[in-house]
2 protein chains.
Amino acid sequence: MSRVFPIILSGGAGTRLWPLSRAARPKQLLRLCSERTMIQDTVLRLPGGEPPILICNEEHRFLVAEQMQEIGVAANAIVLEPVGRNTGPAAILASLLVERIDPEGIILLLPSDHLIANVPAFHAAVAKAVAAARGGLIVTFGITPSGPHTGYGYIRSGEALVQVADGYKIERFIEKPDLDAAESLLKQGGVYWNSGMFVFRARTLLDEAKRIAPGLRPPVEQALQLGRRDADFLRLDQDAFRRAESISIDHAIMEHTQLAAVVPADIGWNDIGSWSALFEAGSPDERGNVARGDVILHGATNCFVRAEGTLVAVVGLEGAIVVATKDAVLVTHRRHSQDVKAIVERLKREGRGEV
Amino acid sequence: MSRVFPIILSGGAGTRLWPLSRAARPKQLLRLCSERTMIQDTVLRLPGGEPPILICNEEHRFLVAEQMQEIGVAANAIVLEPVGRNTGPAAILASLLVERIDPEGIILLLPSDHLIANVPAFHAAVAKAVAAARGGLIVTFGITPSGPHTGYGYIRSGEALVQVADGYKIERFIEKPDLDAAESLLKQGGVYWNSGMFVFRARTLLDEAKRIAPGLRPPVEQALQLGRRDADFLRLDQDAFRRAESISIDHAIMEHTQLAAVVPADIGWNDIGSWSALFEAGSPDERGNVARGDVILHGATNCFVRAEGTLVAVVGLEGAIVVATKDAVLVTHRRHSQDVKAIVERLKREGRGEV
C-alpha cells in the first residue's frame, strides 16, 4: 500500500490581515483562530500518515521550526525556498522529494493558513481523495459554497468517478467571478470553491507535468540537487530555483490535465482571507462581538476587535473591525475588510517598517 | 487705574478626552488644538495686563512650569492646590492674592482648557467686562449658542447695563437642560452658554462671598497663610485647604449675587469637552476628515483620527473617531463621544494604569 505524505505549504504573505500579519510574520505563523498558530493547527489536524514535509520561505525557517517544536512534531523535512514561486514549483518539489522516498507515494498538499472546523469530515474527505489518487487522479477538495463569494475560484464538477462515491471529474475551473456570475453559478449547481488542497500520486503529477508543462521540473530538480542540508533545513539552490516559473498548480497543471477530479468537502473550511472571515469563524458574544486581547466594549454590536500589546476600547459602533498592535492600528468596517490590501500596498510603496 | 490680573485655572481632569488625556496629563497640558498646549494658548492669548497667576494641581506643577518656560512666560505665581476644590475656593484664593498686590485689582479668571478662535473679539469682550467690573459687577462671558447644546449651563440675560453697551444683568442661571428645554431656550432668545470665564474686582468678590458664602474664605485664607514658597511654587497648606468646600463659583456666588452680569461674547469659543468638539474645532480635509499624527485614510469621510506614537489606518468609515496612543486605543463614532466617560470610569474601578 502506498504511503501518504502530507506536504504543508507555508508561502503566503496574507496582506489582508495587516497589521497583525507582516512580511516577517505572515498569517500561517500567527495565533489567529485558536491558541495555536495556523500552521500548528494544520499539522495537528493531519489524518496521520507520514511525518509532514514543510515548504517555507527561508526567512521564516526559525519560526516554523520553533512552532513545530512547540507542538512536539518532528517534520520529515523543512525545505527552504530562497524565493516564492507559487504552488506549481512547490508541487513539483514535493513530488520529487516523495518519489525518492516511495516511488508509489501519495501527496496530501495543504496550505498552512486555512481553517478547517470539522476535522472528522476533513479526514473522511482525505480518505476518499487518497482512494481516487491511487486510481491515478489528481484530486482537489471542492468546498460547498455558502454564498456567492467573489474571492474564490470555482470548480464545475463533471461525470462521477468510478473509484469513489460522490467524487467527480472536473469539467472546468472558473476564475474568481463577479457577483452576478457567482450568483448564476450557484443557481446552476454542481460548483465548488477551489480550496487549494490537493491529493495525488507524486509520479502522476511528475508525468502530467512532463507532458503539459515540461519547463517546470528542470529548475526545481536542479535547485534540489544543488541544495544542501543546513542543520534541520533543506536549503534549495537559489540561482536554480529563481529560474523556476512562478505559477500556481492550477494554472500549470490542473486546468490542462484530463486527470483532474474533485471530492466535495463540507468541512467547515475558511481561508481566513480577511478580518471579516476571521469574524465569521469566531465565537460571538451575546451582542455579536468577537473580541480577543485587552478589549473593552461599550454599546458595541457585531464588532471584531483584536488587541495585541495595547488596550482597545470600542464605544457604540456596529460592525467595526479594530485590530491594534504595538505600532499600528487598523480601523475599518466588515464591509471594507478586503480594502486593507490597499493600505499595505501604500506602506510598501512608502518603504515603511510596518509591513 | 486698577490693574487687571489674569488668573489661569488648571484643575480639570478631562476624562472625555481619554486616552490622550490622563490623570497625570489632563486636557489643558496637551497639544490638542495647535502645536502648543491648551494652557500655553490660554496664556498667549491674554490681552496683556499683569503676568498671569496659575492655579494648578500639585501633581502637575513641573509640567505647568515647563510649559510656561517653553513659551517664555514668567508667571506672577504658580499656586499649588494639594487637592481639587472646584472654582469657588479658587476664586477666593485668586482674590486674596490679588488684593494683597493691588487693593483695587481686577481679576480675569480663565479656565486653561478652552479654545477661543477669535482673539480680537475675545480682547474686546474682556475690555467690556473689565469696564463693567470697575463698576462693581461680577461679570461672566456669555457665549452665543450655536445650537441646542445639552452639555452647557445657560444664562438668561436681564436688564441692560448702564456701564457698557451690550452688557446685561443676569436674570438667572439655568442648569444643563435636556434637548427639549435647550430648544425652547433658544427659541425664547436672550440666552447664552455659561463659559466659566469671569471678570471681577477682587474686593467685590470677597465682599459678596462674606455676605453670601461666609464659610468659603476662612479655610482658603488659612491655607494661604500656612502655605510656603517652594522654589517657583506657592504651596497651599494641605490640611487647611482640604477643609474648603468643593463648590463652583457659580453655585457659591453667581447664582445668589445681585451683581452678576453677562457680556455676550461671540469669540469662537469651544470647551473641547469631547472628541467631537475637537473635530468641530479642526480643519477638515476635502473629505471632511480631521487627522493628526501618523494617519492613513482610505475611503474615510468625516472622521476624526489622532495618532500619537503609533500608525493608524482607517479604511472606509464615516464619522468615526479614532484616538490611539502607545498603550491605548479608542474607537467610537462622533455620536457617541460623550460615552467615553464610561470607559474611564470602568478603568478607574478596575484600578488600571491607563487612566
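## Ala307(A) and the strand pair around it

In this predicted model, Ala307(A) stands opposite Ala324(A), a residue of β18(A). Strand β16 of chain A, covering residues 304-307, and strand β18 of chain A, covering residues 320-324, pair in the parallel sense, and 4 bridges join them.

## A sheet drawn from two chains

These two strands belong to an open sheet of 6 strands with mixed pairing, whose order is β14(A)-β16(A)-β18(A)-β19(A)-β17(B)-β15(B). The edges are taken by β14 (290-292) of chain A and β15 (295-298) of chain B, and because each has a single partner strand, one side of each is left without a neighbour in the sheet. On average, and with direction ignored, neighbouring strands of this sheet are turned by 10° against each other.

Helix α11 of chain A, residues 340-349, lies across β19 (328-333) of chain A as well as β15 and β17 (311-315) of chain B, and this helix runs at about 135° to β15(B).

## The second largest pocket

The second largest pocket has a volume of about 1,400 Å³. It is lined by 46 residues, of which Asn86(B), Thr87(B), His114(B), Lys176(B) and Ser248(B) are the closest to its centre. In chain B, the elements that give two or more residues to this lining are the strands β1 (4-10), β2 (53-57), β8 (168-174) and β9 (191-201), together with the helices α3 (87-101) and α9 (249-254).

Of these contributions, the largest share of the lining, 4 residues, comes from β9(B). By residue type, the lining of the second largest pocket divides into 20 polar, 15 nonpolar and 11 charged residues.

Technical notes: Residues numbered from 1 in each chain as written. Chains lettered and ligands numbered in written order. Predicted model: local features only at pLDDT ≥ 70, side-chain atom pairs only at ≥ 80, totals over all residues. Heavy atoms only, no water. Pairing = 2+ DSSP bridges. Axes fitted to C-alpha atoms, helices over the stretch in contact; angles between N-to-C directions. Contact = heavy atoms within 4.5 Å. 1 Å grid on protein atoms, 1.4 Å probe; cavity = no way out; pocket = protein on both sides within 12 Å on 5 of 7 lines; lining within 4 Å. Points joined across faces, edges and corners; volume = space filled by probe spheres on them. Nonpolar A, V, L, I, M, F, W, Y, C, P; charged D, E, K, R; others polar.
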